[in-house]
Amino acid sequence: SKSEGTKAYKAKNYQEAFKCYSNGVTMLAAIEPNQGDKAIVEDLLFALYKNQAAAGLHVGELGVVLKACNKVLEHDSFDVKSLYRRGMVYYRQDQADLAMKDWKQVLRLDPDNDDAKKMLRKLDEDATKAEEMKKRMFKGIESKKAKGEADTTPTKLAAEKLPIRMVVLNLYGTLVQINKKLTPSPLLGLLQDAEVDPDRFRPVIDVLLTQNFGTHEQICEAIPQVSASAAEKFSKGVEQEVASVSLLPGVLEALSALRDAGYGLCLAANTLSPYASVVQQLGLDEYFAAVFLSCEVGVLKPQAGMYQLVLTKLGLKAGEVLWCGDNRAQDVAPPERLGMDAVHFNGKDFPNGAAAVCSHLNVALS
């Protein structure tokens, strides 16, 4: 995967390079090497993380890039390239202070780094433009005051109490359910059949959830030592679960009520790529202004990047968003830390998450 990725990268086929490096990361993350090979495997894994980050920046996979850079920096906090690339992620996510911190660290380690110097100058230019805009705004305010006109500029306190404009909902367990759920799940069963160390299940699953696989076979190929019988079992299990997915009672009625009340609707969920098809199959895509699935955007809840991505792409402030889902660790605590409102859907008081939001916002259901 590494050599194929490097060949594609040199040919400027960054999407293919990113795919090759990501497959390599997934495969190595699933290996539990013996003591003698551990250092070799770790060196190759960190090299793949670096290459994955380089290609990921070209194709906009910011969540994956951030995760890859953090992995490298946990191992080597002085890795200049990872610091620079992480800074680029922060910059694109409008987190200028974090970008500046990383790029200044780059220059401490490599004072002649032209890329970091260039981006720090860009930050200064951005700050200057923002200050000029602020001055023009306040100049207009002072002009109004001189003429005795009312100042309608929102105060800081008012900005913190913005009206909700967008409702963000989770998918599985909040709007839809798997009626023929397998135990263990097809993915967990696949990892068990491949004899992946149970301690590595979580990191492997996290990587798989952020990849947009075109087929079931590609998922199996990303995991080493998957037998033909295990791959077939996985494929049939996924098909069975996806075919059994249905809307929770009253979902479309509740979504319609929210939309008719003037609220924008957005979907944000951690989803293995074969399970994403239900959004269109069940007609949910017609209700949402935007859909953010981990397999498509390359970032997971509860990583901060998912919530920041939603705000940035939709051009919203945190106070304008209400986040709802059935997982407190993903759908309540993280968005609340960022200043959003949040509703936990527990499946007891309301038939679906959208209905719980209707109750929270005092939207009547017909």
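1. Ground rules. The model is predicted, so to speak: local features need pLDDT of at least 70, side-chain atom pairs count only at pLDDT 80 or more, and totals for chains, interfaces and linings use all residues. Residues are numbered from 1 along each chain as its sequence is written, and side-chain values use heavy atoms, with hydrogens and water left out.

2. Confidence. The protein chain has a mean pLDDT of 88, with 91% of its residues at 70 or more; pLDDT is the predictor's confidence in each residue, from 0 to 100. Where pLDDT is low, the predicted coordinates should not be read in detail.

3. Asp-124. This residue sits in helix H7, which covers residues 114-146 (helices, H or I of at least four residues, are DSSP runs numbered from the N terminus). Asp-124 is partly exposed, at 49% relative accessibility; the scheme calls a residue buried under 20% relative accessible area, exposed over 50% and partly exposed in between, using a 1.4 Å probe and protein chains only. Glu-42 is 82 residues away along the chain, and its C-alpha lies 38 Å from that of Asp-124.

4. The H4/H5 pair. Helices H4 and H5 pack at about 145 degrees with their axes 9 Å apart, and the crossing is left-handed. Axes here are lines fitted to C-alpha atoms, for helices over the stretch in contact, and angles run from 0 to 180 degrees between N-to-C directions. Among the residues that meet are Leu-66, Cys-69 and Leu-73 of H4 and Leu-83, Arg-86 and Val-89 of H5. By class, the contact has nine nonpolar, two polar and three charged residues (Ala, Val, Leu, Ile, Met, Phe, Trp, Tyr, Cys and Pro are nonpolar, Asp, Glu, Lys and Arg charged, and the others, Gly among them, polar).

5. Asp-79. Look at the loop between H4 (62-75) and H5 (80-92), where Asp-79 is found. Asp-79 is buried, with a relative accessible area of 9%. Its side chain makes a polar contact of 3.0 Å with that of Lys-50; such a contact is a pair of N or O atoms within 3.5 Å, and within protein one must be able to donate a hydrogen and the other to accept it, while residues adjacent in sequence count only if both atoms are side-chain atoms. Leaving out residues up to four places away in sequence, Asp-79 touches Lys-50, Val-72 and Leu-73.

6. H13 against H19. The axes of H13 (residues 251-260) and H19 come within 8 Å and cross at roughly 35 degrees. Val-251, Ala-254, Leu-255, Ala-257 and Leu-258 of H13 make the contact with Ala-354, Ala-355, Val-357 and Cys-358 of H19. That contact has nine nonpolar residues, no polar and no charged ones.

7. Leu-361. In the segment after H19 (353-360) comes Leu-361, which is buried at 15% relative accessibility. Beyond four places in sequence, Leu-361 contacts Ile-164, Val-167, Leu-258, Tyr-263 and Leu-322. 

8. Handedness. H13 also passes H19 in a left-handed crossing; left-handed means that the near helix is turned anticlockwise from the far one by less than a right angle, and right-handed that it is turned clockwise.

Key: Helices (H or I, at least four residues) and strands (E, at least two) are DSSP runs, numbered from the N terminus. Contact means heavy atoms within 4.5 Å.
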